[in-house]
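Work through the exercises below with the sequence and the model open. Each task is followed by a solution in steps.

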Amino acid sequence: MIQYERFTLDNGLRVLVHTDKSTPMAVMNILYDVGARDESPDKTGFAHLFEHLMFGGSANIPDYDEPLQLVGGENNAFTSNDITNYYLTLPAENLETGFWLESDRMLSLAFSKKSLEVQRSVVIEEFKQRYLNQPYGDVWLLLRPLAYKVHPYNWPTIGKEIKHVEDATMEDVKSFFFTHYRPNNAILVVGGNVELAEVKALCNKWFAPIPKGDVPVRNLLQEPVQTEERKLSVDRPVPASAIYKTWHMPARLHPDFYATDLLSDVLSNGKSSRLYQQLVKEQKLFSDINAYQSGDIDAGLFVVSGRLNKDVTMEQAEAAIMVELDKLKAELVEERELDKLKNKLEANTVFGEMSVLNKAMNLAYSELLGDANRVNTELDSYRAVTAADIKRIANTLFTKENCSTLYYNAI
């Protein structure tokens, strides 16, 4: 059970405080409710660009990293299609340095031409290295627009194409910042060796003066039900051919999310899982194979992907995958197998909660989903999943018309 207190500033910033006296450290996690799904289709990659720009200096602090490092702190950030998350850890006695740094860049970035050009170059280079010049790097540049035709999940966080970041103007950047990086669009979690009264005082000093913004109501185009099978075949200079099969799955807050998540574990969670045992170990069709769900806030994707062994055809590989999926549609998972997966999930959750930073991140995300206490109740939702639920989900998900397949052929 993660204990926490919460309060909201007049400018709309939601604050959660988790006290843990077992550590001399403190953490700050700021989640901004903006991701790649909030971009314009002709201006993509901005949320990820901002992950970099936020470290490029603010109005009063030209170098974000140096002051933090001088007090023994470290920081990082990540962007997804749904959120942008910044976090730092530092000795608890230096907590105010974190408040000073985070509040100043929320108040206003420096917006210097130099910073924009530097970070633009970094993002463009990352696009080239990770997505264009790396084996299998363009998979999601191909898969997303295959699976999504309307919803903005049809592009990855890096963006649709390099040109969008190349063409980003200072006006574009400022508009994105003052639209989304506002206190009423953020959740701050402070954890570790801290006191509620101390955090309240620091919040009132550093964050309360920041004006709230006019954050637009999110009104995204919803993906219609897929009614026909989609396929795409590409040839690439890679070591081995690969197959990627996706099916549309329930959104993060849908009651069936938990059964869908456990379904992915039945298929692919360790070397005792079904896909590994049957297709890697027994039949030796794949060198590796995985099943996972995207975990998106809106309706996401259930993915099965694997790299084929030499001389295995795509037809053989795909047929073998479908045999395993059809078993789940026809037969109930044994209670022993399901209990094992639930126990493993619970152990991983408990282990993860040993980290103050993990707890802060999970609290922030749960608060974004509507209730911070979800962090304490989600295990119950997983425990409640039955074998019948998994069979029902398998029959709902794994239909031909709900499937998009990418054949990635080695040449």
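**Exercise 1.** Find which residue of strand 10 K245 stands opposite, and describe how strand 8 pairs with strand 10.

Solution. The model is a predicted one. Start at K245: V304 in strand 10 stands opposite this residue. Next, extend the view to the whole pair. Strand 8 (residues 242-248) and strand 10 (residues 301-308) are antiparallel, with 7 bridges. Then turn to strand 11 (residues 403-410), which also runs antiparallel to strand 8 and is joined to it by 6 bridges. Within that pairing, Y244 stands opposite L406.

**Exercise 2.** Sort the residues of strand 8 by face, and decide whether each face is covered or open.

Solution. Count first: 7 of the 7 residues of strand 8 are buried. Then separate the faces. One side holds A242, Y244, T246 and H248, and the other holds I243, K245 and W247. Both faces are covered. Because buried means under 20% relative accessible area, K245 falls below that cut-off despite being a lysine.

**Exercise 3.** State how many residues the largest nonpolar core has, and list what Y32 is in contact with outside its sequence neighbourhood.

Solution. The largest nonpolar core has 55 residues. Among those with the most contacts inside this core are Y32, L95, F99 and Y181. Now take Y32 and set aside neighbours within four places in sequence; the remaining contacts are M54, I83, T84, Y86, M106, H180, Y181, R182, N185 and A186.

**Exercise 4.** Characterise the largest pocket by volume, lining and residue class.

Solution. The volume is about 1300 Å³. The lining consists of 44 residues, and Q293, S294, G295, D296 and Y365 lie nearest the centre. Split by class, the lining has 19 nonpolar, 16 polar and 9 charged residues. Elements that each supply at least two lining residues include strand 4 (74-79), helix 4 (113-132), strand 9 (286-293) and helix 13 (356-368).

**Exercise 5.** Do likewise for the second largest pocket, and find which helix gives the most to its lining.

Solution. The second largest pocket has a volume of about 530 Å³. Its lining has 26 residues, with R37, D38, E39, S40 and H180 closest to the centre. By class, these lining residues are 11 nonpolar, 8 polar and 7 charged. Helix 7 (residues 170-180) gives the most, at 5 residues. H180 links back to Exercise 3, where this histidine is in contact with Y32.

Methods. Residues are numbered from 1 along each chain as its sequence is written. This is a predicted model: local features need pLDDT of at least 70, side-chain atom pairs count only at pLDDT 80 or more; totals for chains, interfaces and linings use all residues. Side-chain values use heavy atoms; hydrogens and water are left out. A nonpolar core is a set of buried Ala, Val, Leu, Ile, Met, Phe, Trp, Tyr and Cys residues joined through side-chain atoms within 4.5 Å. Buried means under 20% relative accessible area, exposed over 50%, partly exposed in between (1.4 Å probe, protein chains only). Contact means heavy atoms within 4.5 Å. On a 1 Å grid over the protein atoms alone, a cavity is a set of points where a 1.4 Å probe fits but cannot get out, and a pocket is an open set with protein on both sides within 12 Å along at least five of seven lines; lining residues have an atom within 4 Å of a point. Grid points are joined across faces, edges and corners, and a volume is the space filled by probe spheres set on the points. Helices (H or I, at least four residues) and strands (E, at least two) are DSSP runs, numbered from the N terminus. Ala, Val, Leu, Ile, Met, Phe, Trp, Tyr, Cys and Pro count as nonpolar, Asp, Glu, Lys and Arg as charged, and the others, Gly among them, as polar. Two strands pair if DSSP finds at least two bridges between them.
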